[in-house]
Amino acid sequence: MTTQKNCKFLKFFLTTIDQIFINFPDPWPKERHAKHRIIQPPFLDVLFLRNNEIAEVTPEGTKVFDAMNCTPIHKETEKLETENTSISKNGFDHFMLKEIFEQPDTLRQAMHGRIFQDLGTAVFEELNLSINELSSIQRILILACGTSWHAGYIAANWLEEKAKIPAQAEIASEFRYKNPIISENTLVIAISQSGETFDTIGSVREVKARGNVKVLAVCNARNSTLTRDADACLFLKAGPEISVCSTKALTSQLMVLSLFTLFMARLKQSLNLEEGQKFLTQLQQVPDQVDAILRQTEEIQSLAKKYAHYPNFFFLGRNYMFPTSLEAALKLKEISYINAVGYPAGEMKHGPIALVDKNLPVVGLCGNQKTLEKTLSNLMEMKARGAPLIAFAPQGTLEIESIADDVLWLPPTSDELSCILYSVACQMLAYYIALERGAEIDQPRNLAKSVTVE
């Protein structure tokens, strides 16, 4: 009788509980330091609750019940092994800058153990979907929000171009309120750094309720809600990202998604062995290329000093540089509070060019060789209307010097992978502009690291 009363009481208050942590080790770490935060004890026995489950926690133990009828449910605890992680800026002024400079290492970590050079493909130990399930995929739907959606947008282009699989990236907060057609043999990829993004989780649950589809999560946080809801997970292995403004998580997402694209392309035989090996070689060069960009701090700081006073920016690009321009504009908005817009360069004549004058700097992202000539033509139109013009371009693109007021030279790479390098350069530009403006960088106003409410 007492248990029934307790169950009703808990049902009233706890129907939305996500998880209960029990059996904390003794002693709890007591070290504290002004510049450090100790997070998580070394070992936890964790009991995860699903929707409509509640737990009664007493000194004698924990019991789980169905919230609707209060019937007992047997659940096993899971061992969550963590480390006493000391979160420090390691001498950097901000977590964001530290995480930007960690990217060569996090990119290597995202590749580690996942490259099969001899077969020109990628391998994922944690990908527990069968070869039959993966080879039968005829469409891929990517769900994400914010920066993760930009990564998904790029990945959709990769999957169509290299794996020849129709793919689309949807903003999860919009997708939830559509009436989508989920065809048979569709793979849903859900991307979230934290694994707790409210709209992404809601979209995944909506999709799973509509039919028998498989969901692959791309996530940085093990044991998060998204990873528990998904059928399989690919982990970023990027380590904790403290700054609200996502940097290393984005590039790790792109690295993991590029490897998954290669895996699917080789599985579907849309890339041959030689093409797969070439793509892997290019991927393995990316961390060193990012490191070369990070060594251009002085040049990027100089650009920031020159342009930080402008209240508006345009970022323009074509092909893979268009979603990269969306991400670049988001970074500048987030931490400097500048009104920045990312736009397809070829669409400027369809209205936005009316905004262009001497008070609107334009950043042209020229990382795609396939569209370079057209991009340069678009930038000349901006220059003709008086816009201060900054170009991010691959080394050796000499024709850009006669167009742009300032050029940041970046290492040459393939069109597909240019988005990683140019994203890092744009992160640095956003950081140093925000620094010049005296903005709060790690915790910008009105923002949270994980958007866990609608």
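The following dialogue concerns a predicted model of one protein chain.

Reader: What makes up the secondary structure of the protein chain?

Author: The chain contains 14 helices and 20 strands. Of its 454 residues, 53% are buried.

Reader: Why is helix 12 called roughly parallel to helix 14?

Author: Helix 12 (residues 321–336) and helix 14 (residues 418–437) pack at an angle of about 20°. Angles under 35 degrees count as roughly parallel, and helix 12 is therefore roughly parallel to helix 14. Their axes lie 9 Å apart, and the crossing is right-handed.

Reader: Which residues make the contact between helix 12 and helix 14?

Author: On helix 12 they include Met321, Ala328 and Leu332, and on helix 14 they include Tyr422, Cys426 and Ile433. By class, the contact has eleven nonpolar, four polar and two charged residues.

Reader: How do you know that lysine 164 is exposed?

Author: Its relative accessible area is 57%. Exposed means over 50%, so lysine 164 counts as exposed. Lysine 164 is found in the loop between helix 5 (146–162) and strand 12 (167–171).

Reader: What makes the phi of lysine 164 worth noting?

Author: Most residues other than glycine have a negative phi. Lysine 164 is not a glycine, yet its phi is positive, at about 60°.

Reader: Why is glutamine 269 called exposed?

Author: Glutamine 269 has a relative accessibility of 70%. The cut-off for exposed is over 50%, and therefore glutamine 269 counts as exposed. Its place is in the loop between helix 9 (248–267) and helix 10 (273–294). Glutamine 269 also has a positive phi, near 60°.

Definitions and conventions: Residues numbered from 1 in each chain as written. Predicted model: local features only at pLDDT ≥ 70, side-chain atom pairs only at ≥ 80, totals over all residues. Heavy atoms only, no water. Helix = DSSP H or I, 4+ residues; strand = E, 2+ residues; numbered from the N terminus. Buried < 20%, exposed > 50% of the residue type's maximum accessible area, 1.4 Å probe, protein only. Axes fitted to C-alpha atoms, helices over the stretch in contact; angles between N-to-C directions. Parallel < 35°, antiparallel > 145°, perpendicular 65-115°, else oblique. Left-handed = near helix turned anticlockwise from the far one by under 90°. Contact = heavy atoms within 4.5 Å. Nonpolar A, V, L, I, M, F, W, Y, C, P; charged D, E, K, R; others polar.
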